[in-house]
Every structure is written in structure tokens, then in C-alpha cells.
Amino acid sequence: MADRPGSSPRAWQRMLSGRRLDLLDPSPLDVEIEDIAHGLARVARWNGQTRGPYPFSVAQHSLVVEEIALRWEPTLSPADRLAVLLHDAAEYVIGDMISPFKAVIGPTYKDVEKRLAAAVHLRFGLPPAMRDDLARLAKRADLVSAYFEAIELAGFTVAEATKIFGRPKGFGPAYGLDPWPTELVQERFIERFRTLDAAATAARGG
């Protein structure tokens, strides 16, 4: 909804929890996992241009990325796995813009995304930003998920997906992605979060 003419531009988003999250100066105190799960389960990857009766949501993508990262690094700590699960958490507020549009917008998008990600991490006891090695692992897992999403759901040819994302090594020709209903993916995202968050809290002695 547009702001009233003559008023200052609104830079906050009202969440269903009742929180009011400021995009320019997000506070960890205004971040709730229920809002994140609700939002990510309803944000479609590929702008919704995927096969099947349901969109492939960012929440389900996040679960796949954490699964792939754990496959490569089975000794990842619960906190690191939680950070990977939340690697796209900022999109519960700003949505999942396709990469070509991000390139058009420029660094402004990244600045907002980084501030939101830091608020999310701090809310759940994580460092504001992922370590470089963990960020690289999450990015690699993200590209593998994107490759299989592209060929299994988004209509890309194998040649197109390989050129853009690279052919994943150590994986078969298919991942077997099947978009879940919104309520199911929201529930599974929260369940996975709670499992990892409890384990990370216990490891910190909390």
C-alpha cells in the first residue's frame, strides 16, 4: 500500500506477530521465527515460474541447502547448520528478487539484505555474519540447489543450468525436488529451526 502523499516514506513492515521491523535499522528484538517461517513459506523461488501445483518456496529451498551442506560437511556444528538454514532469511521481508533484477538495482539491495541478515543472526545467538568458510559452503550448496531447481522445476535445459550454475559434482542427474504445500513447508521449516536452535543453545551451555 502506498504512503499518504506528502508523508515520509515508510521503511518498516508490520509482521503478523505484531512486530514492526524497520528495514533501514532492523532490531533483533523485532525478529520472530514464526514470521520468518510464515514469510519464506510464501515467497516463491524463480518468481513462481516453476512446475507443479505449488510454488517452490524459499523455505523449502533453505531446507534443501542445509541438507546439501550437511552432506558435504557432516561435522558442522548445530550453530553453523542453523546459519545455513537461515541463509535467505532476510527474504521473509524483502522477497526473493531474481539475480538479474538484483544486478539492475545494484549495491543498495545487498546493504538492506546484510542488515536484515545480521538482525536475524543476532536474534538467534549467531554472529552477525557467517564466517568466510561457512559462507562459501552455503553458497556452493545454494548453487547446487539452484541447478536442480532450474532443470527439475524451472524449465531450464541441462546445458543452460550448467552454464549458469555449474554441474554439481558427486550428485546424480536428479535431486527429486517436489514443491510442498505452504502449510507443510512452513511446519517443516519451523521444526528444523527448533531442532537446530535447541542443539546450538545446548552447545553454548544455554
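Before anything else, I noted that a crossing is left-handed if the near helix is turned anticlockwise from the far one by less than a right angle, and right-handed if clockwise. Helices here are DSSP runs (H or I, at least four residues), numbered from the N terminus.

This is a predicted model, so I kept in mind that local features need pLDDT of at least 70 and side-chain atom pairs pLDDT 80 or more, while totals for chains, interfaces and linings use all residues. Residues are numbered from 1 along each chain, and side-chain values use heavy atoms, without hydrogens and water.

**Entry 1: α2 and α3.** I found that the crossing of α2 with α3 is right-handed. On the α2 side I listed Ser62, Leu63, Val65, Glu66, Ala69 and Leu70, which meet Arg81, Val84 and Leu85 of α3 (contact means heavy atoms within 4.5 Å).

**Entry 2: α2 and α7.** Next I checked α2 (residues 58-72) against α7 (residues 132-152): their axes come within 8 Å and cross at roughly 120°. Axes are lines fitted to C-alpha atoms over the stretch in contact, with angles from 0 to 180 degrees between N-to-C directions. That makes α2 oblique to α7 (under 35 degrees is roughly parallel, over 145 roughly antiparallel, 65 to 115 roughly perpendicular, the rest oblique). This crossing is right-handed too. Among the α2 residues in the contact I spotted His61 and Trp72; α7 brings Arg140 and Glu149, among others.

Definitions and conventions
Helix = DSSP H or I, 4+ residues; strand = E, 2+ residues; numbered from the N terminus.
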